[in-house]
2 protein chains.
Amino acid sequence: MTLHWTHQASDGRARAGVLHAAHGEVETPVFMPVGTAGTVKGMTADGVRSTGARIVLGNTYHLMLRPGAERVARLGGLHKMMDWHGPILTDSGGFQVMSLSGLRKMDEDGVTFASHVDGSKHRVTPERSIEIQHLLGSDITMCFDECTPFPATHEEAARSMRLSMRWAARSRTAFTPREGYGLFGIVQGSTYPDLRAESVAALTAIGFEGYAIGGLAVGEGQEAMFATLDVTTPLLPQTHARYLMGVGKPDDLLGAVRRGVDMFDCVIPTRSGRMGRAYTSRGPLNLRNAKHAEDLRPLDPDCDCPACRNHSRAYIHHLLKCDEMLGPILLSWHNIHYYQALMRRMRHAIQQGRFEDEAARIEADWSRPE
Amino acid sequence: MTLHWTHQASDGRARAGVLHAAHGEVETPVFMPVGTAGTVKGMTADGVRSTGARIVLGNTYHLMLRPGAERVARLGGLHKMMDWHGPILTDSGGFQVMSLSGLRKMDEDGVTFASHVDGSKHRVTPERSIEIQHLLGSDITMCFDECTPFPATHEEAARSMRLSMRWAARSRTAFTPREGYGLFGIVQGSTYPDLRAESVAALTAIGFEGYAIGGLAVGEGQEAMFATLDVTTPLLPQTHARYLMGVGKPDDLLGAVRRGVDMFDCVIPTRSGRMGRAYTSRGPLNLRNAKHAEDLRPLDPDCDCPACRNHSRAYIHHLLKCDEMLGPILLSWHNIHYYQALMRRMRHAIQQGRFEDEAARIEADWSRPE
């Protein structure tokens, strides 16, 4: 059987389930740490595992440029290369081609762009994106799409979404089904309910192993994101996993789980960690702030990650002031650990039919003064 | 009893023994990873422990500037701050004042200098250096000295050494003996045998818990360093630990153990790791070199560190090319692990009376083509 998702429990629109992939099973709702270039930045694979993470994401755009998809394949695939034995999801490269590369030229067939690393010219089509993800060895392959810029007029959003739907059909054809591996379609349509509905209809008519919601977290704001989820998730098949791409902060995750999303990825926990920010059960902390200089408390009293077990806020503040690598290392570790704990808490609450109670408690803690 | 060293075995001039310190026992010969600003760069304390390291070094100069010695004391001392439960040795600040700070002014009483961080003015005397090290909580405190620049004329070296000897006497007076804590004197005298002998005599007349050999690894070259050890270690008490400061590369360690040195510290394993260099049982490797791009072998076939157990040279090469933190993290980890394994191998060989056989085997492996 190809990759699939099984439903365990629902509570309101929130769902708990299990993703069955070639490299293992993953309980949902789940947060996937981002291993952009074959590494979750600042962490060993053992460290990532220790947080409870069971699936990570790799970026097609970064890996096709360095070390190159064919090279990854010669090195035994992405799992072996980065020492990650669980499932891996790879994006299709579409988003990064738009956000990172230079000199893009898009046509019906695909995109030509210049590498942000060395300016070299590359071409990606739906077929090549699927081939690259196959070479990487991803459990979950994403359709190649255009991430519609925000804001977009209805006409622009429609044209962009319809191109992505044609590319989704080509991605489906290019993907070879294998036991435990799967292809996800990506719903586009910006913030327009009719376009989202049209996109869902187009994708479900093709049929995928899971459905992603793309084109959000691109500047539209949380309210518009939630409104778009409100009109999109009810249209998606109850039987398949739903993945909100590139989201988000802890309160984004909570609101999206509430709206029926099962899977998330985001660079926020690691990127914010490198900037000195910790996400905690009592809300975010900026560890660069001088007020932490002699604070002997852990980052989060409710966390048992190595940063919280072994070190004070004062120490982490000191490390950041000195630009010591250990500061970002500990904060990235803590943030990934916190995200995993948050998702686990939501999963258990859904399984026990008390999601809204737990959500209210989590939200109250975020705003509770320490 | 204050900190002391007990002799276990000798083989030629090489010695094996045990350092008895407040925070634990340490077998010698030993390599101490450098935790400059309260962190061995790029490693968690758990990671450092996992290499077999049992004692680390902290830098008075860095810690007095950030976060400040009084602040470290308020945070519970350096052990607690950096989560290192074993012994800690702190240098006196003398070497870094000379090598890092700006606008120095030295007089008989001490040194005034400008911080390399923010230009702020600081004054260190032997008494203040001992006080700072006490505030940090070091098991092993070093006398405040002037690291004689190299090259120095006989007259310059003599004047500098004699100042350090007067400061050593003042350091001894300022140090309060406590159970398990100790003060080491530092032999100076550049590469002049008569000055080294005069310095040893001055220090042993005062009496210390251990004796360091300073002013080497400052550009004199390995031959001159070994020649200086040849005329210095035979003069030092057989009953006390000997510490060669700031040394070195693997072959420096081997040659110095052969000449009766017990303790070492150096930034080379971590600094080289950040630059892409691995020290291995088959000699050094530059992982930035393109020849490693598809090399599936581990860094070192004889090493069981996480970098060697879980990853290929190709992956580490890729991480370095992408400026990913994990490259320096894995290489620092490997190098510290390799240094610990090398010291353990030398210790066991001394204990078993086969040091020269083992040394010959180690040296042959370093030059053996892979």
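Helices here are DSSP runs of H or I with at least four residues, numbered from the N terminus. With that in hand, B:Ser332 sits in helix 14 of chain B. This is a predicted model, where local features need pLDDT of at least 70 and side-chain atom pairs count only at pLDDT 80 or more, while totals for chains, interfaces and linings use all residues. Residues are numbered from 1 along each chain as its sequence is written, chains are lettered from A in the order in which they are written, and side-chain values use heavy atoms, leaving out hydrogens and water.

**The interface of chain B and chain A**

- About 3300 Å² is buried between chain B and chain A (accessible area, 1.4 Å probe, lost on being put together and summed over both), and 59% of it lies on carbon and sulfur atoms.
- B:Glu294, B:Glu324 and B:Met325 supply 18% of the area that chain B buries against chain A, more than any other three residues.
- Contact (heavy atoms within 4.5 Å) involves 37 residues from chain B and 37 residues from chain A.

**Salt bridges**

- The interface holds 6 salt bridges, each defined as a side-chain nitrogen of Lys or Arg within 4 Å of a carboxyl oxygen of Asp or Glu.
- A:Arg71 and B:Glu294 form a salt bridge through their side chains, at 2.8 Å from N to O.

**A closer look at B:Ser332**

- Leaving aside residues up to four places away in sequence, B:Ser332 touches B:Lys41, B:Met43, B:Pro269, B:Thr270, B:Gly273 and B:Arg274.

Methods: Buried area is the accessible area (1.4 Å probe) that two parts lose on being put together, summed over both. Helices (H or I, at least four residues) and strands (E, at least two) are DSSP runs, numbered from the N terminus.
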